[in-house]
Amino acid sequence: MAISPFDMLLQKIETRTARAGIIGLGYVGLPLAIAVARSGFAVTGFDIDPGKMVALDARRSYIDAVSDEALSAEIDADRFKATTDFAGLVDCDVIIICVPTPLTKHRDPDLSFVEATSRSIAAHLRPGQLVVLESTTYPGTTDDVVKVILERAGLKSGSDFFVGFSPEREDPGNQHYHTATIPKVVAGDGAEALALMKAFYGAAVSTVVPVSSNATAEAVKLTENIFRSVNIALVNELKTVYAAMGIDVWEVIDAAKTKPFGYMPFYPGPGLGGHCIPIDPFYLTWKSREYELPTRFIELAGEINSAMPRYVVGKLAEALDIRAGKALSRSRVLVLGLAYKKNVADIRESPSLRLIEIIEERGGRADYHDPFVAEIPPTREYQALKGRRSVALTPDAIAGYDAVLVATDHDQVDYAALSKSAALIVDTRNVFNRLGLSAGHVIKA
């Protein structure tokens with residue numbers, strides 16, 4: 001009797017003879033590729049960016065979560081290779097999609113990368129393959145978009161090939177958790193697809209959390225990020241209210257978190273960054289319109305967080321006026337930190353880019369310093385900032401600015417020296433108070 005596509009693939013996964021193909025070698029795809037390779041599978045990475053191929057061929061990682069040594073080890077073991085040639089998908093037994101899912105200018109989901117990738121897979125689809133979406137999206141995408149495109153090739157999901165969803169949970173810069181140790185939520189289109197998902201991911205990560213459907217797994221990821229978005233919006237709003245009352249929101253939070261139950265600290269900032277929190281909640285608000293259900297809470301949180309860069313620049317302008325007697329339009333400002341979070345080089349959706357833009361819209365001049373970002377790369381929304389370089393953080397350079405705006409509190413910065421050289425500091429991260437460096441010329445925002 002001929003072996004079924006399911007049994008054939010399960011056997012390959014259990015014996016580690018399955019080849020995994022990972023499409024999109026960015027902040028999610030490359031760490032996943034190395035984790036899967038370490039677990040014993042042969043991995044082919046696919047990406048349309050030839051620049052990434054040049055780096056990988058030179059055994060140079062461009063993602064902080066993957067060291068050059070870790071990359072070289074998997075290449076030397078013949079467990080990892082990368083290519084721009086998608087014809088190699090036919091040789092892959094498990095295919096994982098890790099491509100961007102941005103928003104349009106109108107905050108609608110942009111699934112163009114997912115759809116294009118699905119069409120590429122469909123062109124090489126064969127029986128006995130498992131196709132997994134990891135890109136964050138609205139509930140229903142895997143079944144209603146990816147599966148539909150794949151089935152146009154003439155094969156049937158659940159019998160010829162299998163489809164699943166497993167949300168990525170990467171946290172750039174996290175020193176305690178990495179791809180293999182973060183619990184992995186998995187789901188599949190049917191019982192056999194779920195069994196394959198559990199077998200494959202169970203071989204590569206420490207904990208697998210199965211759920212009942214792809215839509216449920218998609219909702220899990222959105223829920224995680226909406227939770228963070230709403231709570232950050234809450235403290236951002238409290239920051240503005242308490243500031244008007246002369247109350248320090250950071251002091252309030254530090255005292256509140258001493259309560260051993262019923263409270264979890266979140267902290268305000270200059271705005272949201274990263275691929276997840278500024279974007280993902282709007283995938284649910286868009287999908288909810290199909291059901292004629294409002295998402296007022298989520299949308300309000302998005303509005304509050306989106307308004308933070310303009311609020312911060314307003315506080316900067318006020319501080320320059322009161323403390324220096326100078327208009328923002330005649331001022332030079334140094335934005336400290338371009339990355340969206342401390343100690344990483346990730347500038348995706350970084351509020352620092354928006355801060356620079358707003359300062360210059362108001363007639364000021366803004367430079368930046370970031371020990372992790374030497375030059376601003378091309379971005380979809382901030383093309384005019386491309387190519388600007390990080391300035392040196394020397395005493396003379398600092399003294400040449402009317403104000404320093406702390407947007408990201410990287411640990412590599414000498415804040416004591418910065419305080420001595422800067423005429424005015426606007427701190428959105430409370431780093432000076434946290435380090436015991438509070439001073440009259442340091443203003444919180």
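Select D254 first: this residue is partly exposed, at a relative accessible area of 34% (buried means under 20% relative accessible area, exposed over 50%, partly exposed in between, with a 1.4 Å probe and protein chains only). The structure holds 29 salt bridges.

The model is predicted, so local features need pLDDT of at least 70 and side-chain atom pairs count only at pLDDT 80 or more, while totals for chains, interfaces and linings use all residues. Residues are numbered from 1 along each chain as its sequence is written, and side-chain values use heavy atoms, with hydrogens and water left out.

**Further salt bridges**

Next, select D367 and R332, which form a salt bridge with their closest N and O atoms 3.4 Å apart. This pair links distant parts of the chain, 35 residues apart: D367 lies in strand β10 (residues 365-369) and R332 in strand β9 (residues 332-336). Helices (H or I, at least four residues) and strands (E, at least two) are DSSP runs, numbered from the N terminus.

Then select E361 and R354, a salt bridge with 3.7 Å between the closest N and O atoms. E361 is exposed, at 52% relative accessibility, and R354 is partly exposed, at 23%. To display a salt-bridge network, select R332, E360, R365, D367 and R388, which are joined by salt bridges that share partners.

**The parallel sheet**

Colour the five strands of the open sheet with the order β10-β9-β11-β12-β13, in which the pairing is parallel. Two strands pair if DSSP finds at least two bridges between them. Because β10 and β13 (442-444) stand at the edges with a single partner strand each, one side of each has no neighbour in the sheet. Neighbouring strands here are turned by 25 degrees against each other on average, direction ignored. For angles, axes are lines fitted to C-alpha atoms, for helices over the stretch in contact, and values run from 0 to 180 degrees between N-to-C directions.

Within this sheet, β11 (residues 403-406) and β12 (residues 425-427) run parallel and are joined by 3 bridges. Select V404 to find I425 of β12 opposite. Now show helix α11 (residues 296-324), which lies across β9, β11, β12 and β13 at about 155 degrees to β11. Helix α12 (residues 351-361) also packs on the sheet, touching β9, β10 and β11, and its direction makes about 155 degrees with that of β10.

**The mixed sheet**

Move to the open sheet of 8 strands, ordered β3-β2-β1-β4-β5-β6-β7-β8, where the pairing is mixed. Its edges are β3 (80-83) and β8 (208-210), each with a single partner strand, so one side of each lacks a neighbour in the sheet. Select β2 (residues 42-46), in which 5 of 5 residues are buried. In a regular strand the side chains alternate between the two faces of the sheet. In β2, A42, T44 and F46 lie on one side and V43 and G45 on the other, and all are buried.

Strand β1 (residues 19-23) runs parallel to β2, joined by 5 bridges, with A20 opposite V43. β2 and β3 pair in the parallel sense over 4 bridges, with G45 opposite A82. Helix α2 (residues 29-38) lies across β1, β2, β3 and β4 (94-97), at about 170 degrees to β1.

**A buried tyrosine**

Select Y283 in helix α10 (residues 280-288). Y283 is buried, at 0% relative accessibility. Its C-alpha atom is separated by 8.2 Å from that of L103, which is 180 residues apart along the chain. Beyond its neighbours within four places in sequence, Y283 is in contact (heavy atoms within 4.5 Å) with residues including T101, P109, Y138 and L222.

**Last stop**

Finally, select M245, in the loop between α8 (214-244) and α9 (249-256). M245 is exposed, with a relative accessible area of 55%.

Note on methods: Salt bridge = Lys/Arg side-chain N within 4 Å of Asp/Glu carboxyl O.
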